[in-house]
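Please read these notes with the model open beside you. They are meant to be followed one point at a time.

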Amino acid sequence: TVTFKEWQDSQTSTGTGHNGKWTLNYTLPVGYTAQFVYNYTVQQEDAGKVLKNTATVDETHLDPDGGNETSTTVENPKVGVAKEGSVVGTNGKEAGMLVGYTVKVTNKGNVPLTQVVLKDSMADKIKDGSLSVTKNGSDVAFVFDKNTDTITIDSKLDVNESYEIKYTCAVLSEDLEDNKVTNKVDVTAKTEKGGESTDEATDTTTVYAGEITITPAPIVIYTG
């Protein structure tokens, strides 16, 4: 069943339809407009495609209308992430080494992304003041939630654009396995219409045991 709307008086009526052909079951007065309302459920295989829909009109007393074609691009969100780490120095007077990470998040889909959330496996080790997010060389606002280990960017990322996220982690000897530290980041990106895409990246950085600085606790000797 298709609903028809007469724009002049906002009345509605119904018609019958089958196999893509609908019949208006009443007389349409001169100057009135009938609106055919119908829906198509987008399938998974439609992602990234341009859907075309052509409508033609045939009336008993008029020549058939040549038709009107519309095109709709199906939203196909896709995010990509890459991560790279390297030892950047010692941790000052504190134990451990500093490993700097650069994460690149790219919009590889066909629709702008409106939110990007990163969850890092070593977020609790990120040094205060070391976290930054940029796009095309300009700073981008973000929220770093230490309770959830997430970095949230509520900003528009157009197709083929990228965020560059940089931060430094303090790595201790217990973080190493065979002199290497492994760090994983998971990314979830969303669109304005609720589309979602995810990706992940892992970096393994070699940190030699001799580079780890151990600061002994002060020893106090009591006599008496």
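The points below go through a predicted model, beginning with a sheet and ending with single residues.

1. The open sheet. Five strands form an open sheet with antiparallel pairing, in the order β6-β7-β13-β9-β10. Strands β6 (79–90) and β10 (138–139) are at the edges with a single partner strand each, so one side of each has no neighbour in the sheet.

2. Strand β7 covers residues 97–107 and strand β13 covers residues 162–171; the two run antiparallel and are joined over ten bridges.

3. The aromatic pair. How many aromatic pairs does a search of the whole structure find? The search gives one. Its members are tyrosine 101 and tyrosine 167, with ring centres 6.0 Å apart and planes at 40°. Planes under 30 degrees apart would count as stacked and planes over 60 as edge-to-face, so this pair is tilted. Because tyrosine 101 belongs to strand β7 and tyrosine 167 to strand β13, the pair ties together parts that lie 66 residues apart in sequence.

4. Surroundings of the pair. Are tyrosine 101 and tyrosine 167 buried or exposed? Both tyrosine 101 and tyrosine 167 are buried. Lysine 83 lies over the face of tyrosine 101, at 4.7 Å from the ring centre.

5. Strand β14 (residues 180–190) pairs with β15 in the antiparallel sense, over eleven bridges.

6. Serine 197. This residue is part of strand β15, which spans residues 196–206. Serine 197 has a relative accessibility of 10% and therefore counts as buried, since the limit for buried is under 20%. Its side chain reaches the backbone nitrogen of valine 79 at 3.0 Å. Apart from residues up to four places away in sequence, serine 197 touches Pro77, Lys78, Val79, Val187, Thr188 and Ala189.

7. Valine 116. Strand β8 (residues 115–120) contains valine 116. With 0% relative accessibility, valine 116 counts as buried. Which residues does valine 116 contact, leaving aside neighbours within four places in sequence? They are Val105, Ile151, Thr152, Ile153, Tyr163, Val187, Thr188 and Ala189. Take alanine 189 as an example: 73 residues separate it from valine 116 in sequence, but the C-alpha to C-alpha distance is 4.4 Å.

8. Two residues with positive phi. Aspartate 178 is in the loop between β13 and β14, and asparagine 179 also has its place in the loop between β13 and β14. Neither is a glycine: phi is near 55° for aspartate 178 and about 65° for asparagine 179. Their accessibility should be read separately. Aspartate 178 counts as exposed, at 69% relative accessibility. Asparagine 179, with a relative accessible area of 32%, is partly exposed. The cut-offs explain these labels, because exposed means over 50% and partly exposed lies between that value and 20%.

Notes
Residues numbered from 1 in each chain as written. Predicted model: local features only at pLDDT ≥ 70, side-chain atom pairs only at ≥ 80, totals over all residues. Heavy atoms only, no water. Helix = DSSP H or I, 4+ residues; strand = E, 2+ residues; numbered from the N terminus. Buried < 20%, exposed > 50% of the residue type's maximum accessible area, 1.4 Å probe, protein only. Polar contact = N/O pair within 3.5 Å; in protein donor to acceptor, adjacent residues only side chain to side chain. Contact = heavy atoms within 4.5 Å. Pairing = 2+ DSSP bridges. Phe/Tyr/Trp six-rings, centres within 6.5 Å; stacked < 30°, edge-to-face > 60°. Lys NZ or Arg CZ within 6 Å of the ring centre and 35° of its normal.
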